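Please look over the sequence and the structure shown here before reading on. The report that follows takes up a few parts of the fold in turn, and also the confidence of the model.

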Amino acid sequence: MSRSAVADPVARLAGELTEMAGTPVTLERPADAEHGDYATNVALKLAGLQQRPPREIADEIAAQVVEDGIATRAEAAGPGFVNLWLSDAWLADCVGEIVAAGDDNGSGSAVERERIQVELVSANPTGPVTVASARNGAYGDSVARLLSFAGHGVEREYYYNDAGAQMERFHASVEAVRRGEAPPEDGYQGEYIAELATLPGDPGDAMVERIEESLERFRIHFDTWTRETEVEPEIPEAVALLDTFEEEGAVWARTSAHGDDKDRVLVRSGGEPTYFAKDAAYMRRKYASGFDRLIYVLGADHHGYVARLQALAEMLGHPRESLEVLVYQLVHLVEGGAAKMMSKRRGDVVFLDELVDAIGVDAARWYLVSRGHDQTIELDVDLAKERTNKNPVYYVQYAHARIAGILRNAEGSEPASGSVGDHVLPHAVPIYAIRVADDFHRFYHEHRVLESGQEAFRLGLVRAVQLVIARCLDLVGVDAPERM
């Protein structure tokens, strides 16, 4: 089934109600199942247009919904809500559509499909990927997965500095160890420096290769890798396109006229371009590659970059809303009840590979995506190691594996496929997956599937649940095991 052909029964229901009410209808799931399968506040919207009490309109809509066969029961509630109870046949049709759609279920939701570049991680290659950068990667990759699932063309890019002061200190640290000396006081420490010192050639290239291997292991594949030195020659052309002025011998970008809180220096009085000038050249290169939208995933220390980057986009002739910056907060690791302190330069940092060795890729991916990017994460390593229902990723995976076991034991029984006899944020996906798994586990303990009076329907139901859980896990880069 093509993505464009995948049905959305809830959207179809909203469309039927919209046609009946004559105004757009939004459906919500009531917190309490006793209040129906879905609810809408469309009567409150119509009250202002029709100058009538919303409760009166809600009563009329409820009656019309039942008369038209949209729902088997409908009631006005509160100041003007309409609660809907849908038929078993409608619910069974939903299950059948999910099963029929298979892996494509829920995909292709983008109204307009765009080419989008997600730049993620982009840490300087002065050391292995840290846990903080791993959060960048897990979150950014999940954003890319969601956008791709919606139907967009997505490219993942890693942009890194291969020159500058940090890289000079990094090279000096490795060269010192190669000479049998200690790294400079302001240099980089740690076992990885000693390891790089044993390898021939540029340690920067070896470090980039190691970073790529770690991220591939973490299930993040980059389509493009761009070095800062590749971009630097394009700075003059990019600066020439901007709204600039000169002051005290320096060249400034008039970013304050484009939503920034102040103007930014592009070229210092001595003729040296600033990092902001490099940002301009790099952004121009991105848009010139044909992307409709750019997404930057940046650390908490880049909070002030949002307005200035959007100002740059506008000065380069693109809508500011075509550029989005996701700024993520820190990760704190807790093990044995104590927090781990991290510093790459001192050498006591926790690297991604160490975390994966300790808790596995699945748990690492899950926990690093399980909070909104604007929230700090406290990752309990001891809990993440557990293979019990206290560990949420295990709990969700176990639901998938348990359903796989049911289907294996069905021995050729066919699930029912008909009636009975777009930008979600990544952290919402694990939350939803836990709720679905919770509902399934409760269902499993209360209802028999095989050799029951409703075996065909229940096989279809658990297969639909399995497909939904598998998709949730995939969207955050976690495996959906068949056995556990």
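## A first sheet and its helix

Two strands count as paired if DSSP finds at least two bridges between them. In this predicted model, three strands joined in this way form an open sheet in the order β1-β3-β2, and their pairing is antiparallel. The strands at the edges are β1, residues 38–40, and β2, residues 73–77, each of which pairs on one side only. From one strand to the next, the twist averages 25°.

Strand β3, which covers residues 81–85, runs antiparallel to β2 and is joined to β2 by five bridges. Within this pair of strands, Glu75 stands opposite Asn83 in β3. Helix α3, made up of residues 54–67, packs on the sheet and touches both β2 and β3, while the direction of α3 makes about 175° with that of β2.

Helix α6, residues 165–178, packs against helix α8, residues 203–217, at an angle of about 105°, and their axes lie 10 Å apart. Because angles of 65 to 115 degrees count as roughly perpendicular, α6 is described as roughly perpendicular to α8.

On the side of α6, the residues that take part are Met167, Phe170, His171, Val174 and Arg178, and in α8 they meet Pro203, Gly204 and Met207. The residues of this contact divide into five nonpolar, two polar and one charged.

## A second sheet and its helix

Another open sheet is formed by three strands in the order β13-β12-β14, and here the pairing is mixed. Its edge strands are β13, residues 338–339, and β14, residues 377–380, and each of these pairs on one side only.

Strand β12, residues 331–335, runs antiparallel to β13, and two bridges join them; in this pairing Val334 stands opposite Ala339 in β13. Helix α13, residues 352–369, packs on the sheet, where α13 touches β12 and β14, and its direction makes about 140° with that of β14.

## A helix and the residue that follows

Helix α17, residues 455–475, has 21 residues and reaches 30 Å from its first C-alpha to its last, which is close to the 30 Å expected at 1.5 Å a residue. Just after α17, Gly477 takes a positive phi of about 75°.

## Confidence of the model

The mean pLDDT of the protein is 92, and 94% of its residues reach 70 or more. Over residues 1–5, however, pLDDT stays under 50, and for these residues the model has twelve contacts beyond four places in sequence. The pLDDT is also below 50 over residues 418–423, a stretch that has 16 contacts in the model beyond near neighbours in sequence.

Notes. Residues are numbered from 1 along each chain as its sequence is written. This is a predicted model: local features need pLDDT of at least 70, side-chain atom pairs count only at pLDDT 80 or more; totals for chains, interfaces and linings use all residues. Side-chain values use heavy atoms; hydrogens and water are left out. Helices (H or I, at least four residues) and strands (E, at least two) are DSSP runs, numbered from the N terminus. Axes are lines fitted to C-alpha atoms, for helices over the stretch in contact, and angles run from 0 to 180 degrees between N-to-C directions. Contact means heavy atoms within 4.5 Å. Angles under 35 degrees count as roughly parallel, over 145 as roughly antiparallel, 65 to 115 as roughly perpendicular and the rest as oblique. Ala, Val, Leu, Ile, Met, Phe, Trp, Tyr, Cys and Pro count as nonpolar, Asp, Glu, Lys and Arg as charged, and the others, Gly among them, as polar. pLDDT is the predictor's confidence in each residue, from 0 to 100. The expected span of a helix is 1.5 Å times one less than its number of residues.
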